Amino acid sequence: MNLRNRSLISITDYSKEEILHILDLAEGFEKDQRQQILNKYVIASLFFEPSTRTRLSFESAVQYLGGSIVGFASADTSSVKKGETLKDTILTVSNYSDLIVMRNPLDGSARYASEVSPVPIINAGDGANQHPTQCLLDLYSIRKTQGTLENIDIVMVGDLKYGRTVHSLVQALSLFGASFHFVSPESLKMPSSVKTWIKNAKLEYYQYTDLSEAIPKADILYMTRVQGERFPDPLEYEKVKNAYILENSMLDNARENMKVLHPLPRVNEIKEDVDDNPKAYYFRQAKNGVYVRQALIAAILGLK
Ligand code: CP
């Protein structure tokens, strides 16, 4: 398995075997998180869009491994504010680092950055397109809680149109024979390109508007936030922002093995009374992000 110097832009850049290799490496980092393998390395973290988990878990991953991290948390504090192009930013920062982690609001920007960059790029989210490292930590969390990635029933809820994490996760789980259940308002349905992906994999998907109907079908209940920042019309956001709110009592009919995942941040789509339910796994899911990102960095730098 050789992921050395390979950018990760879309989860489809990796084969099933390569995905499983990263998850196996991540298990090793969960057992021993403070391996000093990045002592001579500098990672750049360029966040043109807000983030808590992705940015800080990458920083944490690098620092636990003894590496250094440089970068910015907002385009406002970089020379982009003065009009510098993405190409010039990437060419400059590649002089200062061995690997670049980038989040950018424009779909396709990460792919473009990888085409101009002399160092590998990890896409930390590009617009509504892809969030492959979130996908890897979601897969890690699913395997950890279900004991397998094969043939699971996943119910995805909320903003399936603009939510990039669900797009990446459908593509990845299609490699493992999942059944997909999509719960969304009419205006936020899963894009047809993603549904075509499922059909091409000869798998099934089912669409619902009623969350209660779908919950008993889930091994994984994957809640998502309605992405207000991506709506062209704020009035349209107002109409759907509270479409689905999960409450503890709604989990009474859930399967024994079922876990609730959410990429976070949540706004109000999961009530706080769910947090103490043993089925709630979303904060533990966020913790898994550190191990998975350690594994990814180590693999791309050729250290594991
Ligand atoms: N899940 C996720 O991408 O969270 P942040 O936006 O806080 O990084």
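Visitor: How many residue pairs are in polar contact between domain 1 and domain 2?

Guide: The count is 17 residue pairs, both at pLDDT 80 or more. A polar contact is a pair of N or O atoms within 3.5 Å; within protein, one must be able to donate a hydrogen and the other to accept it, and residues adjacent in sequence count only if both atoms are side-chain atoms. The model is predicted, so local features need pLDDT of at least 70, side-chain atom pairs count only at pLDDT 80 or more, and totals for chains, interfaces and linings use all residues. Residues are numbered from 1 along each chain as its sequence is written, and side-chain values use heavy atoms, without hydrogens and water.

Visitor: Why is the pair Arg143 and Asp24 called a salt bridge?

Guide: The term needs a side-chain nitrogen of Lys or Arg within 4 Å of a carboxyl oxygen of Asp or Glu. Arg143 and Asp24 meet at 2.9 Å, N to O, so the pair qualifies. Across the interface the rule finds seven salt bridges.

Visitor: What makes the two parts domains?

Guide: An automatic or database domain assignment sets the bounds. Domain 1 is 11–130 + 289–300, and domain 2 is 132–286. Their C-alpha centres lie 25 Å apart.

Visitor: What is the area buried between domain 1 and domain 2?

Guide: Buried area is the accessible area (1.4 Å probe) that two parts lose on being put together, summed over both. Here that is about 2,500 Å², and carbon and sulfur atoms give 59% of it.
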